[in-house]
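Welcome, and let's take a walk through this model together. Please have a look at the sequence and the fold before reading on.

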Amino acid sequence: MKGSPAQPLCGFSNAVVQILRLHGVEDYRAHDVLQDPDLRQGIKNYSNWPTIPQVYLNGEFVGGCDILLQMHQNGDLVEELKKLGIRSALLDAEKDQEKK
């Protein structure tokens, strides 16, 4: 990503951080590609994906901000997190809304 989760330095990095927060995902690693041009280019070459940030789940490349947003919107992210043993906080929020 560009920047850090505490201080994203582009809108796309910020969007990814916000999506992860919505789902309650706190345990993840981020690397500021602006501090390391070789890493920035290397990650693009590795994934064959031209944009930053890049999201990997359990070491598997998922995509960039656009893909993560799409997964969030269609519910696929909840399912992918479940495969990793992570219960999305959105499921709890939905249950709370149903009780009201």
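**A serine on the inside, and a pocket**

Ser-88 is buried, its relative accessible area being 1%; buried means under 20%, exposed over 50% and partly exposed in between, with a 1.4 Å probe and protein chains only. The model you see is predicted, so local features need pLDDT of at least 70 and side-chain atom pairs pLDDT 80 or more, while totals for chains, interfaces and linings use all residues. Residues are numbered from 1 along each chain as its sequence is written, and side-chain values use heavy atoms, leaving out hydrogens and water.

You will find Ser-88 in the loop between helix H4 (76-83) and helix H5 (89-99). Helices (H or I, at least four residues) and strands (E, at least two) are DSSP runs, numbered from the N terminus. Leaving aside residues up to four places away in sequence, Ser-88 touches His-23, Val-78 and Leu-81, where contact means heavy atoms within 4.5 Å.

Now turn to strand E1 (55-57), which, like helix H1 (11-22) and helix H2 (37-47), supplies at least two residues of the lining of the largest pocket. H1 gives the most, with four residues.

E1 also has a partner: three bridges join it to strand E2 (residues 60-63), and the two run antiparallel. Strands pair if DSSP finds at least two bridges between them. Leu-57 has Glu-60 in E2 as its bridge partner. Two residues lie between the strands of this hairpin, where Asn-58 takes a positive phi near 55 degrees.
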